[in-house]
Amino acid sequence: MTRMILAVLSALCAVSCSSVLQSPLSPNAVKKSEPLPAHVVIFKFDDLNYYKAGTQYIRSEWFWLAGVCASNGIEASIGIIGSALDTNEAYTNNLYQWVRTNAVENGGRFEFWHHGYTHYIGTGEAEYSNRPPAEMESYYNRTASLFSERLGLTCRTFGAPGNVTDVPFWAIFNARSDIRVWFIGTSAGAGAGKAVLARTAPFLETNVGMVSFAKFTNQYMVYHCSTNAYLVLQGHPTRWDLPAEKDEFEKVVKFLKDEGWVFWSPYRYCRAAGTVE
């Protein structure tokens, strides 16, 4: 019953949520990489982009977020807009270095994931929905390639701009063997060797850029979220430009830690669940 309520709530309240599934993972059966905690939080932070302001190359909120994660000893994930990696600006090397330093592969706190190339979201269409398949494939593969070329990383997780895709895109997603996890995807579109992580209640943001600790904890209690195997909590830190928003987020982190949740990156979670290699 709790899961049914969560699904209904998500369908009614989620912003830009294309599908909500409480059974988060594909039915693949592979060897588990490590023991799986009973309750795992997976932070999905969107929209890391190139930001030029003086000598600054990304927005200051990302530096702040890295500090919060480090001080709390937690992992999270950040979606990169691929075009940020495809510029000839000389000091974008600073952006690349920041990502490398903070990547879990190099001892950092973040898994960086594929969040499109253009991040286009239009009326009735988006980067990976209702666009020419050749265009979607080109953008999708370009961002994946840039992870390797510019960052020296293998991209394992994808989340569509606006969480919107169409059926022709599913074949593009499944064609790549390196990207194995799909944030807020659809189980109907995920082929063998892929895992889908659904968006779950409670919602970190009441609307994009708006964090309310009171509303978060109310949803958590009302919908008995303490019984979930995992939570996918989506946020847009560059919209948290007021100190109050940052404070609300830090309260959420403390609350979940006190509740006994473990904080992992998406690919790590899916590997430990035995749904992807």
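**Figure 1. The side chain of Glu-248 and the backbone of Phe-213 in a predicted model.** The side chain of Glu-248 reaches the backbone nitrogen of Phe-213 at 2.8 Å, a polar contact (a pair of N or O atoms within 3.5 Å; within protein, one must be able to donate a hydrogen and the other to accept it, and residues adjacent in sequence count only if both atoms are side-chain atoms). The structure is a predicted model, in which local features need pLDDT of at least 70 and side-chain atom pairs count only at pLDDT 80 or more, while totals for chains, interfaces and linings use all residues. Residues are numbered from 1 along each chain as its sequence is written, and side-chain values use heavy atoms, with hydrogens and water left out. Glu-248 belongs to helix H7; helices (H or I, at least four residues) and strands (E, at least two) are DSSP runs, numbered from the N terminus. With a relative accessibility of 18%, Glu-248 counts as buried. Buried means under 20% relative accessible area, exposed means over 50%, and partly exposed lies in between (1.4 Å probe, protein chains only). When its neighbours within four places in sequence are set aside, Glu-248 is in contact with Val-211, Ser-212, Phe-213 and Ala-214, where contact means heavy atoms within 4.5 Å.

Figure 2. Which residues of helix H6 (residues 213–222) are buried? They are Phe-216, Thr-217, Gln-219 and Tyr-220. These residues lie on the same side of H6, because they cover an arc of only 160 degrees around the axis; the arc is that of the directions from the helix axis to the C-beta atoms. An α-helix has 3.6 residues a turn, so residues three or four places apart point the same way. Ala-214 and Lys-215, on the other side of H6, are exposed. The cover over the buried residues of H6 includes strand E9 (230–235) and H7. After H6 comes His-224, which has a positive phi, near 50 degrees.

**Figure 3. Helix H2 and its surroundings.** Helix H2 (residues 60–72) consists of 13 residues and spans 19 Å from its first C-alpha to its last, close to the expected 18 Å. The expected span is 1.5 Å times one less than the number of residues in the helix. In H2, the buried residues are Glu-61, Trp-62, Trp-64, Leu-65, Ala-66, Val-68 and Cys-69. Both strands and helices contribute to their cover, including strand E1 (40–48), strand E2 (76–80), helix H3 (92–102), strand E3 (110–114) and helix H7 (243–258).

**Figure 4. Ile-184 and Ser-187 in the loop between E5 and E6.** Ile-184 lies in the loop between strand E5 (181–183) and strand E6 (195–197), and Ser-187 is found in the loop between E5 and E6 as well. Is Ile-184 buried or exposed? Ile-184 is buried, as its relative accessible area is 1%, whereas Ser-187, at 48% relative accessibility, counts as partly exposed. Ile-184 and Val-164 are 20 residues apart in sequence, and their C-alpha atoms are 8.9 Å apart in space. Ser-187 and Leu-197 are ten residues apart along the chain, with 9.1 Å between their C-alpha atoms.

Figure 5. The peptide bond that joins Ala-201 to Pro-202 is cis, with omega near 5 degrees. Pro-202 lies in the loop between E6 and strand E7 (205–207). Asp-47, in strand E1, is not a glycine, yet its phi is positive, at about 80 degrees. Asp-47 is also buried, with a relative accessible area of 15%. Asn-130, likewise a residue other than glycine, has a positive phi near 60 degrees; its position is in the loop between E3 and helix H4 (133–151).

**Figure 6. Two cysteines and the chain as a whole.** Cys-155 is buried, with a relative accessible area of 2%, and Cys-270 also counts as buried, at 0% relative accessibility. The chain has zero disulfides, a disulfide being a pair of cysteine sulfur atoms within 2.5 Å. In total, the secondary structure comprises eight helices and ten strands. Of the 277 residues of the chain, 53% count as buried. Among contacts in the chain with a separation of 6 or more, 76% are between residues 24 or more positions apart.
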